[in-house]
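I opened my notebook to look at how one chain is built and how two chains meet. Here is what I looked up, entry by entry.

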Amino acid sequence: MRPVAVTGLGVVSPLGNDAGTFFAALVAGRSGVRRIALRFPERMVTRIAAPVDFDAPSHFPAPRLRMLDRVSQFALVAARQALEQSRGALDGLDPGRAGAFVGTGMGGAQTTDDGYYTLYGERSDRVKPFSVLMAMNNAPAAWIGMDHGLQGPNLTYSTACSSSTVAIGEAARRVAAGEVDVMIAGGAEAPLTFGTLKAWEALKTLAAEDPRDPAASCKPFAADRSGLVLGEGAAMLVLEDLARARARNATILARLVGYGLATDASHVTRPSVDGQARAMRLALEDAGLDVDAIGYINAHGTGTPANDPVETAAIRQVFGARAGATPVSSTKSMHAHLLGAAGALELVAAILAAREGVLPPTMNLAVPDPECDLDYVPNVARRVEGLAAVMSNSFAFGGTNAVLVACRD
Amino acid sequence: MNTFERLRALLARDFDLAPEALQPEATLENLEIDSLRMIEILFCVEDEFKIVVPAEHAELKERLHTLGDLAAYIDGLVQALPKAPA
């Protein structure tokens, strides 16, 4: 298998629309969670989310924009950034040797919501002519492929909250196997519609608004955590055959060295310690690394009552005596849960942590939970020396657990 | 404004087409209006002229080659609308 390099990062997030701004906000402990107004605000119980400040017309001409759901807009902008940073990953490449894998949980949710509103709310049959093209789940990946002429594999992965981690892991395997030389891989999600929020509300998994500070409502690993906060955005990586990246003198931002995939096959929402632990072990085996090589774990850390103690126990099971000494943080406390895009965004956070030697904190962790007893880098970023390898966890409804391990070059 | 002028204003405003290129004899092909874009244009035309485009797309493709053809087609549909009582 060929080693895989990361040569570009693109980010559209609740904490800023490029990777550098995003990471600086994480280190500063800034939150992107705030009150939002959607259709029928008076019917919303949950009024908080983490939206992206995004000026779509500055990125796309109007006729193009009318073909792109918000999820595809995010994906395209993030992919463009990642390719720019790679400084010519596609130059001189046979277009059939490059592709795009994107993870998304809910696809073109805004288009679906708008279409149903037209039909059922306005009782009109004037559904927009491009609704199908905008709502289809593979639209973000397809547009990336078209924009950059990528004629190799173009796939969309939908495994709920691990979608983009799966997309990146599967893309890395294609590069490693020599089927392709360059992949754009990541995730995109734009679920902040009235319909989607009501559906999540009904599942009783959303965080209650913090009465003193709405921005502090997501409290992973804290005793007073009450659920997840929905966010939106996209993160894309350029993955490239390491030898090729070196030959063209690209900046190697990281090497992607491990990917683990394991399924709970037990309960649709309740996470399993064993399932999560198996995914972490498989990723470590794939990387050929021992647990003490891992200097930081970006946790799935949703802030739900169910996830956080289970993830803690899974980390304890895998890391054993090293568990207490391995820093773990949930950046979802700041950027919230981007569902299908979460894993990609969090891998970017982990890669930049390794590059900068700074661990982003778990914010809003004031009241410890005895069942969550790891080092969560509470509330303040931490500078560390010699951080070599990092892990990023993504666990999903449906039970698809995916874990990635990246190394500094 | 006559039908052609209204159509031209709509295309310039919503479809990023240069007004000077929007002449009656300009072909849809030269304006890079493909079948997909045409579906959207007809959707907007329905709103603008308060008409319903009944024809199947294949039939339209036979009939409409230039902007002038499209304006004449729209005109026909507008004429066929029931007259508002005076």
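**Entry 1: the sheet in chain A**

I started with one pair: A:G99 stands opposite A:M183 in β6(A). Their strands, β4 (residues 98-103) and β6 (residues 182-189) of chain A, pair in the parallel sense over six bridges. I noted that two strands count as paired if DSSP finds at least two bridges between them, and that strands (E, at least two residues) and helices (H or I, at least four) are DSSP runs, numbered from the N terminus. In general, strands of a sheet pair through backbone hydrogen bonds, either parallel or antiparallel.

Then I followed the whole sheet of chain A: ten strands, open, with mixed pairing, in the order β5-β4-β6-β7-β1-β8-β14-β13-β9-β10. At the edges I found β5 (154-157) and β10 (328-329) of chain A, each pairing on one side only.

**Entry 2: a note on the model**

This is a predicted model, where local features need pLDDT of at least 70 and side-chain atom pairs count only at pLDDT 80 or more, while totals for chains, interfaces and linings use all residues. Residues are numbered from 1 along each chain as its sequence is written, chains are lettered from A and ligands numbered from 1 in the order in which they are written, and side-chain values use heavy atoms, with hydrogens and water left out.

**Entry 3: salt bridges**

**Entry 4: where chain B meets chain A**

Ten residues from chain B and twelve residues from chain A make the contact (heavy atoms within 4.5 Å). Across this interface I found three salt bridges. In one, the side chains of B:D47 and A:R126 meet at 2.8 Å, N to O. Helix α2 (residues 35-49) of chain B gives the most to chain B's side, with seven residues.

Note on methods
Salt bridge = Lys/Arg side-chain N within 4 Å of Asp/Glu carboxyl O.
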